[in-house]
Each structure stands twice: as C-alpha cells, then as structure tokens.
Amino acid sequence: MDALSKNPNKDGNGYELFPQLFPYESFEQTVGPLLHKNEANVWSFKFQIDSKHLNSLERLHGGMIMTFLDHTLGGTAFHTIGNKPCITVSLHTDFVAGAKVGDWVVGTARVNKITGNLVFVSGELRVSDNLIATASGVWRSTEFGAI
C-alpha cells in the first residue's frame with residue numbers, strides 16, 4: 001500500500017500531488033505522480049519509483065533522474081520568482097547511486113543567485129539518507145517573453 005492510498009491528493013508527510021495545469025496530460029502527469037510541499041518557504045518534491053521509471057538493469061533510469069531534477073530545481077526557481085513561468089537554460093547532473101522500485105525519491109533545491117531574468121539553482125535527490133544525484137542549473141523567467 002502506498003502513501004496516497006488513503007487520500008489520493010496528499011500523503012502522510014504533507015506532500016500534495018503536482019496539479020494538472022493544462023487541459024491535456026502534461027509530461028509531469030506522464031512520469032508521475034509527482035508530489036510537492038512547502039514548509040517555511042522551502043519547497044521539496046518526491047515520487048515513488050514505479051516499473052515505468054526503470055532502466056534495463058531494473059534501477060531508476062538516468063532520464064527519470066534528470067527529469068525529476070529539472071522538475072525539482074525548476075519548481076524551486078518558479079516559486080522563488082513569484083510563481084512565474086520559467087524555462088530550463090542549462091542543467092548539469094551528477095549521478096551518485098542507484099534506486100529501485102518502491103523507493104521514494106525526495107528532491108530539494110536552493111536558489112544560489114538571481115540576476116535579471118536568470119535564476120541559478122542547485123539541488124539533490126535522495127532515497128532516505130542516501131544521495132543518488134546532484135544538479136545545478138539555470139532557469140530563465142519567461143515574464144520577459146518566451147524564447
């Protein structure tokens with residue numbers, strides 16, 4: 001039984017489902033369910049590894065790690081600049097360890113710098129206390145027009 005069985009929109013640790021923002025199924029819904037929460041103005045994100053997230057070695061696929069890092073760091077940038085849309089300019093990822101089906105992956109990030117319409121963010125993914133990946137990247141606010 002997973003943490004969302006009792007309440008499909010919120011787990012026992014205060015994480016809520018990432019909302020469906022568009023009338024169609026977005027990428028986040030395709031790879032999810034993804035969850036998030038805000039405690040004291042610090043956002044964290046998580047998801048439970050399912051078979052659709054695995055590589056041929058039955059470990060969490062590197063593409064899903066990068067997707068979730070983009071979601072975590074980009075989500076942090078989005079919330080930091082006042083919930084304004086932003087796009088990924090660059091994302092550097094370091095893979096540290098693997099993870100398996102059933103594991104809960106938790107992502108956290110911090111904004112390092114904001115200059116003009118660019119947000120510089122770094123973060124990490126963990127399963128329990130085990131670090132599985134780190135990343136840093138740059139997001140651009142689309143407030144000044146889309147690229």
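Helices (H or I, at least four residues) and strands (E, at least two) are DSSP runs, numbered from the N terminus. By that rule the protein chain has 2 helices and 7 strands. This is a predicted model: local features need pLDDT of at least 70, side-chain atom pairs count only at pLDDT 80 or more, and totals for chains, interfaces and linings use all residues. Residues are numbered from 1 along each chain as its sequence is written, and side-chain values use heavy atoms, with hydrogens and water left out.

**Overall fold**

- The order of elements from the N terminus is β-α-β-β-α-β-β-β-β.
- The protein chain has 147 residues, and 34% of them are buried. Buried means under 20% relative accessible area, exposed over 50%, and partly exposed in between (1.4 Å probe, protein chains only).
- Contact means heavy atoms within 4.5 Å. Among contacts in the protein chain with a separation of 6 or more, 54% join residues 24 or more positions apart.
- Leu-17 sits in strand β1 (residues 16–17). Its relative accessible area is 27%, so Leu-17 is partly exposed.
- Leu-17 and Lys-46 are 29 residues apart along the chain, and their C-alpha atoms are separated by 9.5 Å.

**Nonpolar core**

- A nonpolar core is a set of buried Ala, Val, Leu, Ile, Met, Phe, Trp, Tyr and Cys residues joined through side-chain atoms within 4.5 Å.
- The largest such core holds 25 residues, of which Phe-47, Leu-60, Val-105 and Leu-125 touch the most other members.
- Elements that give two or more residues to this core are β3, α2, β5, β6 (118–127) and β7 (130–141). The largest share, 6 residues, comes from α2.
- Setting aside neighbours within four places in sequence, Leu-60 is in contact with Phe-47, Ile-49, His-53, Leu-54, Asn-55, Ile-65, Ala-99, Val-105 and Ile-132.

**Second largest pocket**

- The search runs on a 1 Å grid over the protein atoms alone. A cavity is a set of points where a 1.4 Å probe fits but cannot get out; a pocket is an open set with protein on both sides within 12 Å along at least five of seven lines. Lining residues have an atom within 4 Å of a point.
- Grid points are joined across faces, edges and corners, and a volume is the space filled by probe spheres set on the points. The second largest pocket has about 170 Å³ of space.
- Its lining consists of Asn-38, Asn-41, Val-42, Trp-43, Thr-76, His-79, Thr-80, Ala-109, Arg-110 and Val-111. Elements giving two or more residues to this lining are β3 (42–48), α2 (62–80) and β5 (104–115).
- By class, the lining has 4 nonpolar, 5 polar and 1 charged residues. Ala, Val, Leu, Ile, Met, Phe, Trp, Tyr, Cys and Pro count as nonpolar, Asp, Glu, Lys and Arg as charged, and the others, Gly among them, as polar.

**Salt bridges**

- A salt bridge is a side-chain nitrogen of Lys or Arg within 4 Å of a carboxyl oxygen of Asp or Glu. The count is 3 salt bridges.
- Glu-39 pairs with Lys-37 in a salt bridge (3.3 Å, N to O). Glu-39 is partly exposed at 48% relative accessibility, whereas Lys-37 is buried at 13%.
- Asp-103 pairs with Lys-100 in a salt bridge (3.2 Å, N to O). Asp-103 is buried at 14% relative accessibility, whereas Lys-100 is partly exposed at 42%.
- Arg-126 forms a salt bridge with Glu-124, with the closest N and O atoms 2.7 Å apart. Arg-126 is partly exposed at 28%, and Glu-124 is partly exposed at 22%.
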